[in-house]
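Keep the structure open beside you and follow along.

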Amino acid sequence: MSAGRPYTHPITVAPEDIDFMGHVNNARYLNWVQDAVLAHWHKIAPDEDIAAKAWVALKHEITYRKPAFLEDDVFAKTVLERYNGARAFYHTVIGRGEDVLAEVKSSWCCIDAETLRPARIGEHLREFFFPEG
């Protein structure tokens with residue numbers, strides 16, 4: 001299966017994101033990844049799936065390339081690479097213009113919004129997230 005439809009999420013660097021070294025604290029990048037992945041789901045998934053499902057992060061593997069600073073115009077470009085059962089695998093690039101600030105590979109578990117137990121990701125979602133595949 002080829003990677004799905006990418007989604008670009010704008011990021012505002014806030015003063016509280018800045019650490020003692022004058023740049024964005026590394027931990028903040030993980031919040032941005034979560035924001036981007038959840039925004040991607042809400043942008044593309046059908047309303048009934050958005051209402052019935054929620055997501056929890058299982059694993060993040062992050063490679064930091066360059067720092068971000070207050071006033072930077074930052075974005076997170078995320079793409080669902082694949083899913084299997086209740087697991088989804090995303091690749092997210094945090095960028096500023098042409099610069100890659102960080103790359104993140106993450107895995108997520110889809111859960112039933114009512115029971116909070118793992119829930120299979122329906123095959124019907126392939127047409128939304130992988131329109132050419």
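Leu80 stands opposite Tyr90 in S4. Please keep in mind throughout that this is a predicted model. The two strands here are S3 and strand S4 (residues 87–96), paired in the antiparallel sense over nine bridges. Two residues lie between the strands of this hairpin, where Gly85 takes a positive phi near 60 degrees.

The charged end of Arg82 can be found over the ring of Phe89, at 3.9 Å from its centre.

## Following the pairings

S1 pairs with S3 in the antiparallel sense, over six bridges, and Phe75 in S3 is the bridge partner of Pro10.

Next come S4 and S5, which run antiparallel and are joined by ten bridges. Here Arg87 has Cys109 in S5 as its bridge partner. The hairpin of S4 and S5 has two residues between the strands, and Gly97 takes a positive phi near 60 degrees there.

## A histidine in S4

His91 is found in strand S4. Is His91 buried or exposed? His91 is buried, with a relative accessible area of 19%; the cut-off for buried is under 20%. Its side chain makes a polar contact with the side chain of Glu103, at 3.4 Å.

## Helix H1

Now turn to helix H1 (residues 26–44). Asn25 caps the N-terminal end of H1, with a side-chain oxygen 2.8 Å from the backbone nitrogen of Ala27. At 1.5 Å a residue, the 19 residues of H1 should span 27 Å, and the end C-alpha atoms are 28 Å apart, which agrees.

The buried residues in H1 include Val33, Ala36, Val37, Ala39, His40 and Ile44. Tyr29, Trp32 and Trp41 are also buried. Tyr29 and Trp32 form one aromatic cluster together with Tyr64.

## Aromatic pairs

A pair of aromatic rings is described by the distance of the centres and the angle of the planes. With ring centres required to lie within 6.5 Å, the count comes to five aromatic pairs. Why is the pair of Trp41 and Phe129 stacked? The ring centres of Trp41 and Phe129 are 5.9 Å apart and their planes are at 10 degrees, so the pair is stacked; the cut-off for stacking is under 30 degrees. Trp41 lies in helix H1 and Phe129 in helix H3 (residues 126–129), so the pair ties together parts that are 88 residues apart in sequence. Trp41 is buried, with a relative accessible area of 4%, and Phe129 is buried too, with a relative accessible area of 3%.

The rings of Tyr83 and Phe130 have their centres 6.2 Å apart and their planes at 40 degrees, so this pair is tilted. Distant parts of the chain are linked by this pair: Tyr83 is in strand S3 (residues 73–84) and Phe130 is in the segment after H3, 47 residues apart. Both Tyr83 and Phe130 are buried.

Where is Phe69 found? Phe69 is found in the loop between S2 and S3. Phe69 is partly exposed, with a relative accessible area of 35%. The C-alpha atoms of Phe69 and Val13 are separated by 7.2 Å, although these residues are 56 residues apart along the chain.

Notes: Residues are numbered from 1 along each chain as its sequence is written. This is a predicted model: local features need pLDDT of at least 70, side-chain atom pairs count only at pLDDT 80 or more; totals for chains, interfaces and linings use all residues. Side-chain values use heavy atoms; hydrogens and water are left out. Rings of Phe, Tyr and Trp (its six-membered ring) pair if their centres lie within 6.5 Å; planes under 30 degrees apart count as stacked, over 60 as edge-to-face and the rest as tilted. Helices (H or I, at least four residues) and strands (E, at least two) are DSSP runs, numbered from the N terminus. Buried means under 20% relative accessible area, exposed over 50%, partly exposed in between (1.4 Å probe, protein chains only). A charge sits over a ring if NZ of Lys or CZ of Arg is within 6 Å of the ring centre and within 35 degrees of the ring normal. The expected span of a helix is 1.5 Å times one less than its number of residues. A polar contact is a pair of N or O atoms within 3.5 Å; within protein, one must be able to donate a hydrogen and the other to accept it, and residues adjacent in sequence count only if both atoms are side-chain atoms. Two strands pair if DSSP finds at least two bridges between them.
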